[in-house]
Amino acid sequence: GATIGILGGGQLGRMLSVAASRLGFRTHVFEPSTNPPASHVADQITCATYEDADALRAFAGTVDVITYEFENIPTSALDLLEDLKPIRPGREALRVSQDRLTEKTFLQDLGLQTAPFADVPDAAGLEQALQDISAPSILKTRRFGYDGKGQARIMQESDAPAALSDMEGAPAILEGFVSFSHEVSVIAARGLSGEVSCFDPGENVHRDGILHTTTVPARLNQSQRMDAVLLASKILNALEYVGVMGVELFVTPQGLIVNEIAPRVHNSGHWTQNGCTVDQFEQHIRAIVGWPLGNGQRHADVIMENLIGDDMDRVPALVKQADCAVHLYGKSEAKPGRKMGHVNRIQPSKRPNR
Ligand code: ATP
Ligand code: MG
Ligand code: MG
């Protein structure tokens with residue numbers, strides 16, 4: 001059997017590894033930190049930095065295909081690896097999604113709606129940007145932001161200096177505040193031969209900037225549901241994407257607005273583990289090894305809730321509940337804001353959507 005190389009050994013790398021094992025593949029995880037969640041399930045783990053060219057070469061030598069659980073892999077490491085083994089999803093998806101300015105420009109060029117945005121290279125740039133995009137708006141670092149980190153809201157112009165200092169000198173973009181009724185995401189997959197399959201859109205609620213729950217079915221009418229799936233397919237096709245992608249959307253009366261894309265399995269797709277025959281992790285593995293995509297049709301209503309920090313105290317009670325499937329990441333220390341696991345609460349579907 002083939003060996004799948006996974007860059008990143010967090011919970012997403014761990015669940016990808018489990019899915020790969022279940023299909024008979026071996027996994028080799030590359031991760032700079034010691035004892036990451038994936039280390040307990042992967043067949044092999046290399047603990048080295050992305051600057052360690054020898055370690056990267058050795059890693060590539062043991063695998064047949066390389067994938068990743070996060071989008072911020074240094075370019076130098078990608079340059080080295082791509083000469084040795086196929087990287088799926090490919091470089092274009094990483095290039096586009098590593099930088100919010102590139103990402104939003106790409107989406108706009110595809111004819112999709114985004115929040116109004118402007119480049120903020122420096123302090124003077126913010127003044128100009130605020131003239132184009134007035135408050136309320138959100139200043140975001142172009143790179144490395146996640147879980148709402150690296151963002152500052154500008155409710156009125158007097159908030160600008162504080163917002164700018166929050167960026168700590170990093171290049172940023174200013175986004176107009178979208179007044180959405182709710183947030184949804186589409187977990188979409190594209191196979192090696194170009195077929196696309198989307199999971200049913202999920203409705204996302206954030207708490208303190210971190211995903212709190214994903215509920216399926218989402219509140220969407222038939223035409224919004226169709227739009228969501230079509231726009232996700234458009235993005236994957238444009239990138240000649242191979243693998244699973246998370247597409248985050250704002251629902252507004254003017255249509256669906258794309259917030260951001262993540263070129264990997266996505267937290268808002270964890271419900272698929274108990275709501276579909278083939279979940280997002282298996283779908284991703286199938287895609288990158290060139291298998292046909294599996295049946296991702298939803299057979300249950302699901303509420304996925306993240307277990308963050310102290311939520312771990314609820315696990316003994318949750319595992320007694322018949323409708324709960326508990327997933328834990330094997331992290332030793334429960335720190336505030338740290339994703340420790342999630343629970344999928346399932347109900348047989350009352351209204352199949354397709
Ligand atoms: P993630 O953990 O999903 O990667 P992130 O740190 O990359 O998050 P975003 O997804 O850009 O950040 O923003 C986090 C949340 O902030 C969004 O889900 C949404 O609730 C809110 N938000 C972001 N941008 C806007 C906007 N332009 N208008 C209104 N709300 C926004
Ligand atoms: Mg993000
Ligand atoms: Mg987001």
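Select Leu84 to begin, and the view falls on the loop between helix 3 (75-82) and helix 4 (91-97), helices being DSSP runs of H or I with at least four residues, numbered from the N terminus. This is a predicted model, in which local features need pLDDT of at least 70 and side-chain atom pairs count only at pLDDT 80 or more, while totals for chains, interfaces and linings use all residues. Residues are numbered from 1 along each chain as its sequence is written, and chains are lettered from A and ligands numbered from 1 in the order in which they are written.

Leu84 counts as partly exposed because it has 15 C-beta neighbours inside 10 Å; with C-beta atoms placed from the backbone, 20 or more others within 10 Å make a residue buried, 12 or fewer make it exposed, and partly exposed lies in between.

Now move to Val247, 163 residues from Leu84 in sequence and 29 Å from it in space, C-alpha to C-alpha. Val247 is one of the residues that touch the most other members of the largest nonpolar core, which has 68 residues; such a core is a set of buried Ala, Val, Leu, Ile, Met, Phe, Trp, Tyr and Cys residues joined through C-beta atoms within 7 Å. This core draws at least three residues from each of domain 1 (3-87) and domain 3 (182-348), with bounds from an automatic or database domain assignment.

Finally, select ligand 1, which 16 residues surround, the closest being Ala115, Gly145, Asp147, Glu175 and Val178, where near means a C-beta atom, placed from the backbone, within 6 Å.

Notes
Helix = DSSP H or I, 4+ residues; strand = E, 2+ residues; numbered from the N terminus.
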